[in-house]
Amino acid sequence: MKILAISGSPRIEKRSSTLKLVKAVAENTGYDCDLVSLAGKKIQGCIGCMGCVDDNICKLKDDFTPLREKILEADAYILGGCNFFSTLNANMHCFLERWYQFRHKESSVLWGKPAVTVAAGGRLTGPVTAILEQFCMYNFIQVVGRADGLGANGCYFCGYGETCKVGAVYARYGAGFQLTEEDIPCVSKDEVCMEKARQAGKTLGKILRAGHDREKATKEVKDAFMEMMQFKNNR
Ligand SMILES: Cc1cc2nc3c(=O)[nH]c(=O)nc-3n(C[C@H](O)[C@H](O)[C@H](O)COP(=O)(O)O)c2cc1C
């Protein structure tokens with residue numbers, strides 16, 4: 001079994017709550033996961049050129065190109081992103097947009113595969129989870145678990161956190177607050193969310209070990225999608 005685990009945060013490991021959660025999910029599946037961080041990668045969004053329509057291969061060449069094969073080969077996905085301005089961060093969004101190449105002419109390469117979504121935010125994770133979930137639905141990928149937690153807003157380590165009156169530290173603690181490393185939020189300090197991530201990983205592993213029925217999963221997701229979109233003719 002191959003599991004592809006993606007952390008869409010542009011941050012390096014030390015600061016990235018998305019990456020920590022993705023790792024926690026991956027390490028608990030019971031499988032060796034291929035963990036890919038998008039930090040430092042240059043991946044542009046889909047340009048809608050339809051160059052992929054004949055062969056389901058995107059013609060843009062960038063850091064997505066070597067990931068294409070990994071996506072196809074994977075039996076399951078762990079998809080992590082973070083909240084930037086109340087939506088999915090751009091790195092991860094660009095990465096996911098490029099999955100458009102897999103869908104033409106009823107290509108079923110993604111259909112029915114199980115996935116766990118992972119979301120980090122400074123204050124809210126809901127918008128990210130919702131977008132990742134909807135992305136999975138559009139591609140008939142079955143979400144079998146979710147992990148999320150709060151990470152450090154940049155204001156905690158930008159150097160001006162204690163004095164900047166429009167920053168997150170000031171908003172939370174007020175004037176005169178002396179910031180220490182202890183005060184910097186991170187999912188690894190939140191046992192409840194780490195445990196939720198570990199459980200999501202265990203669930204994914206269990207589903208794969210039990211012999212995940214992709215055809216059944218495809219039908220379930222397709223039906224839910226058609227219902228949501230109120231499509232009548234595609235069943
Ligand atoms: C450009 C930018 C915009 C952000 N906007 C939001 C936001 O609207 N809501 C929120 O809850 N957190 C917001 N955050 C905070 C991040 O979601 C938070 O730092 C999260 O931990 C980032 O994930 P990471 O730790 O994996 O890098 C923002 C951070 C950045 C850099």
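The paragraphs below lead through a predicted model, from the surroundings of its ligand to a pair of strands and then to one lysine. Residues are numbered from 1 along each chain as its sequence is written. Because the model is predicted, local features need pLDDT of at least 70 and side-chain atom pairs count only at pLDDT 80 or more, while totals for chains, interfaces and linings use all residues.

Around the ligand there are 21 residues, of which Ser9, Thr18, Cys82, Gly122 and Gly151 come nearest; a residue is near a molecule if its C-beta atom, placed from the backbone, lies within 6 Å of it. Two or more residues of this shell are given by each of helix H1 (17-27), strand E3 (76-84) and strand E5 (114-121), where helices (H or I, at least four residues) and strands (E, at least two) are DSSP runs numbered from the N terminus.

Strand E6 (residues 142-150) is mostly covered, with 7 of its 9 residues buried, that is, having 20 or more other C-beta atoms within 10 Å of their own, C-beta atoms being placed from the backbone.

Lysine 202 belongs to helix H6 (residues 191-209). This lysine 202 counts as partly exposed because it has 15 C-beta neighbours inside 10 Å, a number between the limits for buried (20 or more) and exposed (12 or fewer).
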